[in-house]
Amino acid sequence: MQLNPYGEDLVRFVVELTNTPPVDVPELVERCLAAGMAIDRPVTEEDLTQVLRFVRRWAEVVDAPTDARRAELLNVLLAEASTYPRLTDHADGGWHIHYREDGIGLGGVLRAIGAVGTALHLTGLGMHRLGRCALAECGNAYADFSRAGRQRYCSPGCANRDAVRRHRARRAGRATSADPGGEAPVSGG
């Protein structure tokens, strides 16, 4: 059975590339291979440039203030990077669908699958399912795959840090309101 190459794993990979962009071609290749991508041609500096440009523009989709603006930005990425769907059987992967031209480099492949995967994610789960981490000092992008669709943090670690911070602030607020004058008076005898 061929799994959907435009599904959750791919969108998570685009999020990862957006939050921590590759710094050179070898790192891009290593990360793509680790993500399970088939690389069937040499990867060039132009591929890296395309990927870096794509993740910057993909971040604009994440940061869009409205669903309509998000769709508008994503439609531009789709128009630039994808083509009509076609069946293919390459790299011994079994028959599956591509939304890109055959014979393009890794940069073009990532642009196409990133745009299509994101479109499928948003139309399948909701246009609000991209965001930035609510932890003030973080700001990483995330794609929300939760059941409820109410994700606010990029990771459990950030959610936990913010929960601890809120808990400590509430506890400090209760301590201050219980002792409005500061220190307790000392009685002498």
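## Ground rules

Helices (H or I, at least four residues) and strands (E, at least two) are DSSP runs, numbered from the N terminus. This is a predicted model, where local features need pLDDT of at least 70 and side-chain atom pairs count only at pLDDT 80 or more, while totals for chains, interfaces and linings use all residues. Residues are numbered from 1 along each chain as its sequence is written, and side-chain values use heavy atoms, with hydrogens and water left out.

## The overall layout

The protein has six helices and four strands, running α-α-α-α-β-β-α-β-β-α from the N terminus. Of its 189 residues, 35% are buried (under 20% relative accessible area, 1.4 Å probe, protein chains only).

## Helix H1

H1 covers residues 8–19. Leu10, Val11, Phe13, Val14, Val15, Leu17 and Thr18 are its buried residues. They pack against helices H2 (25–34), H3 (45–63) and H5 (106–125), plus strand E4 (141–143).

Asp47 sits in helix H3. It's buried but has no salt bridge (a side-chain nitrogen of Lys or Arg within 4 Å of a carboxyl oxygen of Asp or Glu). Arg41, the nearest side chain of opposite charge, is 7.8 Å away (Lys and Arg count as positive, Asp and Glu as negative; His and the chain ends are not counted).

What does lie by the Asp47 side chain? The backbone nitrogen of Thr44 is 2.8 Å from one of its polar atoms, and the backbone nitrogen of Leu106 is 3.2 Å from a polar atom of that side chain. Setting aside neighbours within four places in sequence, Asp47 is in contact (heavy atoms within 4.5 Å) with Leu28, Pro42, Gly105, Leu106 and Gly107.

Technical notes:
Expected span 1.5 Å × (residues − 1). Buried < 20%, exposed > 50% of the residue type's maximum accessible area, 1.4 Å probe, protein only. Polar contact = N/O pair within 3.5 Å; in protein donor to acceptor, adjacent residues only side chain to side chain.
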